[in-house]
Amino acid sequence: MDTGLLILRLLVGLLVAGHGVQKISSHLGGRGLEGGTEEFRADGFRGGALTALAAGGGQIGSGLLLAAGFLTPLAATGAIGVMTVALTVKWRHGLWVQNDGYEYPLVLIGTAAALAATGPGAWSLDAVLGLMSYPLWWAALALVAGLGSGLLTRLVLHRPPAPAPATADRRA
């Protein structure tokens, strides 16, 4: 079981962190902070570079914590939060990723919640530091706090779409 948890933590944690790196730099195929800012603006978010930095930093931090298995419920909360925002952006496209849907963020949310529930395993910093005995309610708290923070971020930072310009009646 510990080997499986290690593989899962490394895969998901490093992918979440890498996604954050792309938001704020040109590494890993990113378009730099300017590109991350443009992405958020195109998705209807206000805040510009600060929004991109907060999202990228949240993804990098929570992803690295998950990968290391350190403060696992907190790491899961952060990953769930940023992926909830991503899910809200992709919601209108439906579930499946081939239609730019929310399938991938949903898998990451579920995986982070599962890691909060199971713990990071014996090969983790939590285990080395003796922090392995998180009660199960921490997983519920991580899920609720992560979903809540993501939805609150969407509510506070997302601008409603501009109404379509009215067309003049051209009947003569």
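Residues are numbered from 1 along each chain as its sequence is written, and side-chain values use heavy atoms, with hydrogens and water left out. Because the model is predicted, local features need pLDDT of at least 70 and side-chain atom pairs count only at pLDDT 80 or more, while totals for chains, interfaces and linings use all residues.

Helices here are DSSP runs (H or I, at least four residues), and they are numbered from the N terminus, as strands are (E, at least two). Two packed helices are described by the angle between their axes and the distance between the axes. Axes are lines fitted to C-alpha atoms, for helices over the stretch in contact, and angles run from 0 to 180 degrees between N-to-C directions. H1 and H2 pack at an angle of about 100°, with their axes 5 Å apart. H1 and H2 are therefore roughly perpendicular to each other, since this label covers 65 to 115 degrees, whereas angles under 35 degrees count as roughly parallel, over 145 as roughly antiparallel and the rest as oblique. Gln22, Lys23 and Ile24 of H1 make the contact with Gly32, Leu33, Gly36, Glu39 and Phe40 of H2, where contact means heavy atoms within 4.5 Å.

Helix H2 spans residues 32–42, and its residues Gly32, Gly35, Gly36, Thr37 and Phe40 are buried. Buried means under 20% relative accessible area, exposed over 50% and partly exposed in between, with a 1.4 Å probe and protein chains only. The cover over the buried residues of H2 includes H1 and helix H3 (48–68). Just after H2 comes glycine 44, which takes a positive phi of about 95°.

Lysine 23 sits in helix H1 (residues 2–24). Is lysine 23 buried or exposed? With a relative accessible area of 7%, lysine 23 is buried. Its side chain makes a polar contact with the side chain of histidine 19 (3.3 Å) and another with the side chain of glutamate 39 (3.4 Å). A polar contact is a pair of N or O atoms within 3.5 Å; within protein, one must be able to donate a hydrogen and the other to accept it, and residues adjacent in sequence count only if both atoms are side-chain atoms. Not counting residues up to four places away in sequence, lysine 23 touches Gly32, Leu33, Gly36, Glu39, Phe40, Ala52, Gly56 and Gln59.

Aromatic rings come next. Rings of Phe, Tyr and Trp (its six-membered ring) pair if their centres lie within 6.5 Å; planes under 30 degrees apart count as stacked, over 60 as edge-to-face and the rest as tilted. By this rule the count comes to four aromatic pairs. One of them joins phenylalanine 40 and phenylalanine 45 edge-to-face, at 5.8 Å centre to centre and 80° between the planes. Phenylalanine 40 is buried at 9% relative accessible area, and phenylalanine 45 is buried too, at 2%. Tyrosine 134 and tryptophan 138 also form an edge-to-face pair, with 6.2 Å between centres and 65° between the planes. Here tyrosine 134 is partly exposed at 23%, and tryptophan 138 is partly exposed at 32%. Tyr134, Trp137 and Trp138 form one aromatic cluster.

A further packing involves helix H5 (residues 103–118) and helix H7 (residues 137–157), at an angle of about 150° with axes 8 Å apart. H5 and H7 are therefore roughly antiparallel to each other. Their crossing is right-handed; a crossing is left-handed if the near helix is turned anticlockwise from the far one by less than a right angle, and right-handed if clockwise. Ile109, Ala113, Ala116 and Ala117 in H5 meet Ala139, Ala142, Leu143 and Leu147 in H7.

Lysine 90 lies in helix H4 (residues 72–90) and is partly exposed, with a relative accessible area of 24%. Leaving aside neighbours within four places in sequence, lysine 90 is in contact with Asp100, Gly101, Tyr102 and Pro105. Aspartate 100 lies in the loop between H4 and H5. Although not a glycine, aspartate 100 has a positive phi of about 65°, and at 37% relative accessibility it is partly exposed. Leucine 28, in the loop between H1 and H2, has a positive phi of about 60° although it is not a glycine. At 59% relative accessibility, leucine 28 counts as exposed.
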